[in-house]
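Hi,

Here's the structure I said I'd pass along.

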Amino acid sequence: MKRNYPVGRWLIGVAMVHTALVSLLFGAGVLSAFERSPIATATTETGMVVLAVLFGFVLFICGVAVLALERL
């Protein structure tokens with residue numbers, strides 16, 4: 001019997017789409033933030049882009065964890 005794991009896969013998909021869209025829409029901001037220190041850009045608009053990218057990575061890690069829990 002094949003089991004479905006919809007929530008973990010959905011979170012992983014949302015994280016990938018979120019990170020890809022932020023990279024496409026604000027690519028110049030991401031590059032300029034990583035040329036400087038990401039911490040130094042925390043109060044600028046570029047800092048918000050960095051936080052959006054980091055949110056995508058955190059969401060991806062949560063999706064992997066949920067997927068692992070679903071498979072138990």
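Predicted model: local features only at pLDDT ≥ 70, side-chain atom pairs only at ≥ 80, totals over all residues.

The protein chain has an average pLDDT of 83, and 86% of its residues reach at least 70.

First, Thr 19, which sits in helix α1. Is it buried or exposed? Thr 19 has a relative accessibility of 15%, and since the cut-off for buried is under 20%, Thr 19 counts as buried. A polar atom of its side chain is 2.9 Å from the backbone oxygen of Ala 15. Leaving aside residues up to four places away in sequence, Thr 19 is in contact with Val 53, Gly 56 and Phe 57.

Next, the helix pair. How do α2 and α3 lie relative to each other? The axes of α2 and helix α3 (residues 45-70) approach to within 9 Å and cross at roughly 95 degrees. Angles of 65 to 115 degrees count as roughly perpendicular, so that is how α2 and α3 are arranged. On the α2 side, the contact comes from Gly 29, Val 30, Ser 32 and Ala 33; on the α3 side, from Thr 46, Val 49, Val 50 and Val 53. Sorted by class, that contact has five nonpolar residues, three polar ones and no charged ones. Val 53 of α3 is part of this contact, and Val 53 also touches Thr 19.

Cheers

Technical notes: Residues numbered from 1 in each chain as written. Heavy atoms only, no water. pLDDT = per-residue confidence, 0-100. Helix = DSSP H or I, 4+ residues; strand = E, 2+ residues; numbered from the N terminus. Buried < 20%, exposed > 50% of the residue type's maximum accessible area, 1.4 Å probe, protein only. Polar contact = N/O pair within 3.5 Å; in protein donor to acceptor, adjacent residues only side chain to side chain. Contact = heavy atoms within 4.5 Å. Axes fitted to C-alpha atoms, helices over the stretch in contact; angles between N-to-C directions. Parallel < 35°, antiparallel > 145°, perpendicular 65-115°, else oblique. Nonpolar A, V, L, I, M, F, W, Y, C, P; charged D, E, K, R; others polar.
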